[in-house]
Amino acid sequence: MEVMLYLAAIIAAIAFVVLVIYVIITLKAAKETMGEVSTTLKGLETQIQGVTTETTELLNKTNQLADDMNKKSSKLDNLFDGARGVGESVKGFNEALNNLSESISRTSREDQAKAAEAVKWGATIFDFVSNRKNKTK
């Protein structure tokens, strides 16, 4: 029985050694995997820093572009205000021309009536003078 006990102890020791060898192999594989994960994470961190830098630059350029567009937009507002002023001036000029045209038409009608009246008076005076000359002869 002692032999069996020794044999069982040797089998247990061999099983323990095999178990330790498999644990060591597993730990080495886990170590390699963790090293690869660490390398991947470092690369990912580098890429994220690059993306962050590019995003910051893009955001700054976008803000500059927005400021530039606001400045140009305000200049266009001034241009449109000026154009509106020109339009109002042209409208006022057209109204003044219409008023002048109406005034000229009205004056022309009034003068035409006066001229017609003067012609009538002239014709009446001419007839009167002609009639007097004929009677005196």
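I started with D68, which is partly exposed because its relative accessibility is 32%. The cut-offs I used: buried is under 20% relative accessible area, exposed is over 50%, and partly exposed is in between (1.4 Å probe, protein chains only).

Before going on, I noted that this is a predicted model, where local features need pLDDT of at least 70, side-chain atom pairs count only at pLDDT 80 or more, and totals for chains, interfaces and linings use all residues. Residues are numbered from 1 along each chain as its sequence is written, and side-chain values use heavy atoms, with hydrogens and water left out.

What does D68 pair with? I found a salt bridge to K72, with the closest N and O atoms 3.2 Å apart. (A salt bridge here is a side-chain nitrogen of Lys or Arg within 4 Å of a carboxyl oxygen of Asp or Glu.) K72 is partly exposed too, at 49% relative accessibility. Both residues sit in helix α1, four residues apart, or about one turn of the helix. I searched the whole structure and got one salt bridge.

Next I counted charges: 17 positive and 17 negative side chains, with the centres of the two sets 22 Å apart. Lys and Arg count as positive, Asp and Glu as negative, and His and the chain ends are not counted. Each charge is placed at NZ of Lys, CZ of Arg, CG of Asp or CD of Glu.

Then I checked K61, which is in helix α1, residues 2-136. K61 is exposed, at 56% relative accessible area. From K61 to E95 is 34 residues along the chain, and their C-alpha atoms are 50 Å apart.

How many helices and strands are in the protein chain? I got one helix and zero strands. (Helices are DSSP runs of H or I, at least four residues; strands are runs of E, at least two; numbering is from the N terminus.)

For overall shape, the C-alpha trace spans about 195 × 25 × 15 Å along its principal axes. Buried residues make up 0% of the 137 residues.

Last, I looked at UniProt: an unreviewed entry lists residues 6-25 as "transmembrane region". Such annotations may be inferred rather than shown by experiment. In the model that span is 100% helix, and its end C-alpha atoms lie 28 Å apart.
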